[in-house]
Amino acid sequence: MPTDLRGFLFILGIFYVLPFVFSIILPAFLVPAIFKKIIGRKKKLPSIFIFAISIIVLAFLANLFWDFFIYNKIYYEWDRVSIPYSLFWHESPSTENPNWLAEGWTKGNLFTIWLLITIGIYLISLLFAYLKNRKHKEIKRYLAILSVSAVSLLGLTIVAQFTIFSVLSLIFMRPVNLDYKENNSSCILSDAAQPRILYRNDGIGESISDSDGSNMRPAFKKNLQLSPFGSADNFSPNDATIIISWGDGYWFHCLNSDGAFKISPPKFEKDIGHNLPRSFPSWAPDSKRLIMNNNGDLTLIDLNTKTTVAIKKLVAIKDNQIDILSKNSENKYYSSPYTVGDAFWSKSGLIYYTSFEADTVHLHQFNLDTNQDSIILSKNS
């Protein structure tokens, strides 16, 4: 089987098939079956199949409804990879980076829609089953079973709505040890050979090695359990500190001690959920400062004061004119609405950064000590 096909089937199974099976099909059959066994008392009762299959079909239709009339109409989620509606959850923007297209809407509004749809699914399924078997002599007991099942399913799905993603995020989505208290102790230089490669070992922790892969050893005194959704690279020139990009900021972790702290550059007010308009920080030769393009500003990060300062305002940010409301743009899910210039701190101590002027990109050479700034190259973009 081709690798691409295996990858497609894996994604389909993990993000679509399994959620549908475990959050829709399984509870639709299992819960009423349990209550039929408890309340039925060996009576010959109508089948629960019509009730369960109605839930499954209506949940599938609700998923399509959410996909066509809620998603991209009320909110925008650029990296959606799972079913947007199920009995156990509904897709909504994160609280850290809300992407509302409908002005004044909140997550509470989406939850209300989800709840009304879910209640409707259970009530309509109950009605179908009742109408199908209303002439049965045990219809009252049968209706009691379905009613208790519907109420239990509703309670189960509401509880899951507020718990399932929290549990999953602890297991899969985030480095669970990144939220421990900051330790402001200074990073210690190592007497060992300088580390050059960082490894993430699932379930074990992070390791570092020399550039040839030898001398493997633990990277941190505390296992960070880095998520594949974060990035960890960019050693400081003295190989004592490493940057870990997570969320809206950067963690700076010592490789040879417990030192760790977070610095969050200013957010971009116009951000709509794409990758933040930033260039990745570049280390100064002294390993105490970094330079980056943050929201178009040439920004200095100072590890001593743990602050960020915009030393040049709006030098390079470009609006790519992506209309997220339009369904005609095939690349809107993968393209950032904004482009920012690069910034690099050379070993000689000079800073190189790009700026935009209409269709021209300029490369600057900037001396922070003397404040001397000159354009050394210009090119049409």
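**Sheet, hairpin and a buried serine**

Trainee: In which order do the 4 strands of the open sheet stand?

Mentor: In this predicted model, local features need pLDDT of at least 70 and side-chain atom pairs count only at pLDDT 80 or more, while totals for chains, interfaces and linings use all residues. Residues are numbered from 1 along each chain as its sequence is written, and side-chain values use heavy atoms, with hydrogens and water left out. Strands are DSSP runs of E with at least two residues, and helices are runs of H or I with at least four, numbered from the N terminus; two strands pair if DSSP finds at least two bridges between them. The pairing in this open sheet is antiparallel, and the order is S8-S9-S10-S11.

Trainee: How many residues lie between S6 and S7 in their hairpin?

Mentor: Strand S6 (residues 249–254) runs antiparallel to strand S7 (residues 260–263), and 4 bridges join them. His 253 stands opposite Ala 260 in S7. The number of residues between S6 and S7 in the hairpin is 5.

Trainee: Is Ser 125 buried or exposed?

Mentor: Ser 125 is found in helix H3, residues 107–133. Leaving aside neighbours within four places in sequence, Ser 125 is in contact (heavy atoms within 4.5 Å) with Phe 51, Ser 54, Ile 55 and Leu 58. Buried means under 20% relative accessible area, exposed over 50% and partly exposed in between, with a 1.4 Å probe and protein chains only. Because its relative accessibility is 0%, Ser 125 counts as buried.
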